[in-house]
Amino acid sequence: MFCQPAGQSGLVYAMNDGGMDVSQDGGDNWENRSNGLPTNMFYDLSVAATDGNMYGGGMQDNGTWLTLDGQADSFIETTGGDGGFCAIDPNDRLHLYTSSQFMFINRFRQSDGWRHNIGPNETGPKPWMAFLAIDPDRPKRVFVGSQRVWRTKNDGGNWKDVSGFLDDSFVTCIEISRANTDYLYVGTENGGIFKSEDGGETWTDNIASSGLPGRTITRLRTPADNANVVYATVANFGNSHLFRSTDGGSFWTDIDGGNLPNAPHHGIAIPSSNPDVIYVGGDAGVFVSSDAGGTWNNLTLNLPTVMV
């Protein structure tokens, strides 16, 4: 949207998804005036496991931004493009990957800085935003999703398609179990869930089963102590949005049960110290269970009504 005040020749205001820009010479030069405006949308958020003050993520149309000291006014743009997912090495905060549109993958290491466009040579369909996951035990082993799962064992030096095409839809999430990092769970836009128990060498057929609603799997999460327990959040309306399997995906239980809002859910967090505590976020706020999904409490409090 543009606005040119009457009687003020050359003065132009431009409102866009990066905030507000101003030109005083009819558009030849521009200055951004967005400081203090909450205009950016994060696709996702990553926190460094070794330093809780370092966090950030990809912003829609505005690159990937991180803060190193946890302060709201200290975010820096690390990579450009339409910022997507960010994966930080759990053991080294200065080893991380970011993604932008159509599988453009970047890597940062303290030893050699940023390297850009080091992702897989995907010749098939490319997702708008490619999900990234770093193996916490073997951080040079990284996984990226398109309509198949790609793996590097040498920190982006080369990539291998390890899954083949799964269900003709894009991979939406990749979970590497903390209990056994050879256990991988992958969700898709079509509502599929696929599993590998050998680091990606072989894969099951779709284990989502008819117990799930067939909607996009938005996130998968396993607790730190058990690779066979897995939680799945689901998108869309008119269906349950949180499911749990305790046997590696053979059977799924609806632990939403109508107790969570009828809105898409997008995120799960399970503390390592207490696997019975589950936090879920979605279009209607944040909810917590202290009994592995038996009961739920609204934790949204004074958070704004936005996608979590």
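Figure 1. Strand E26 (residues 285–289) has 5 of its 5 residues buried, so it is largely enclosed by the rest of the structure; here buried means under 20% relative accessible area, exposed means over 50%, and partly exposed lies in between, with a 1.4 Å probe and protein chains only. The model is a predicted one, in which local features need pLDDT of at least 70 and side-chain atom pairs count only at pLDDT 80 or more, while totals for chains, interfaces and linings use all residues. Residues are numbered from 1 along each chain as its sequence is written, and side-chain values use heavy atoms, with hydrogens and water left out. Strands (E, at least two residues) and helices (H or I, at least four) are DSSP runs numbered from the N terminus. Both faces of E26 are covered, with Gly285, Phe287 and Ser289 buried on one side and Val286 and Val288 buried on the other. In a regular strand the side chains alternate between the two faces of the sheet.

**Figure 2. The open sheet E24-E25-E26-E27.** In this order, 4 strands form an open sheet with antiparallel pairing, two strands being paired if DSSP finds at least two bridges between them. Strand E24 (265–269) and strand E27 (297–298) stand at the edges, and each has a single partner strand, so one side of each is left without a neighbour in the sheet. E24 is joined to strand E25 (residues 278–282) by 4 bridges, the two running antiparallel, and glycine 267 has glycine 281 in E25 as its bridge partner. Between E25 and E26, which also run antiparallel, there are 5 bridges, with valine 280 opposite phenylalanine 287 in E26, and a hairpin connects E25 to E26 through 2 residues. E26 pairs in turn with E27 in the antiparallel sense over 2 bridges, where valine 288 stands opposite asparagine 297.

**Figure 3. The open sheet E5-E6-E7-E8.** This open sheet is formed by 4 strands in the order E5-E6-E7-E8, again with antiparallel pairing. Its edges are strand E5 (46–48) and strand E8 (76–79), each with a single partner strand, so one side of each is left without a neighbour in the sheet. From one strand to the next the twist averages 30°, where axes are lines fitted to C-alpha atoms (for helices over the stretch in contact) and angles run from 0 to 180 degrees between N-to-C directions. Strand E6 (residues 51–58) and strand E7 (residues 64–67) run antiparallel and are joined by 4 bridges, with glycine 57 standing opposite tryptophan 65 in E7.

**Figure 4. Aromatic pairs.** The structure holds 5 aromatic pairs; rings of Phe, Tyr and Trp (its six-membered ring) pair if their centres lie within 6.5 Å, with planes under 30 degrees apart counted as stacked, over 60 as edge-to-face and the rest as tilted. The rings of phenylalanine 42 and phenylalanine 75 have centres 6.3 Å apart and planes at 50°, so this pair is tilted. Phenylalanine 42 lies in the loop between strand E4 (31–32) and E5, and phenylalanine 75 in the loop between E7 and E8, so the pair ties together parts that are 33 residues apart in sequence. Phenylalanine 42 is partly exposed, at 35% relative accessible area, and phenylalanine 75 also counts as partly exposed, at 23% relative accessibility. A second tilted pair is formed by phenylalanine 85 and phenylalanine 131, at 4.8 Å centre to centre and 55° between the planes; both of these residues are buried.

**Figure 5. The largest nonpolar core.** The largest nonpolar core has 30 residues, and those with the most contacts inside it are Val149, Ile193, Ile217 and Leu220; such a core is a set of buried Ala, Val, Leu, Ile, Met, Phe, Trp, Tyr and Cys residues joined through side-chain atoms within 4.5 Å. The largest share of this core, 4 residues, comes from E17. Leaving aside neighbours within four places in sequence, isoleucine 193 is in contact (heavy atoms within 4.5 Å) with residues including Val186, Ile207, Leu212, Ile217, Leu220 and Trp252.

**Figure 6. Serine 100 in strand E10.** Serine 100 is placed in strand E10 (residues 95–100) and, at 4% relative accessibility, counts as buried. Apart from neighbours within four places in sequence, serine 100 contacts Gly80, Gly81, Asp82, Gly84, Trp128 and Met129.
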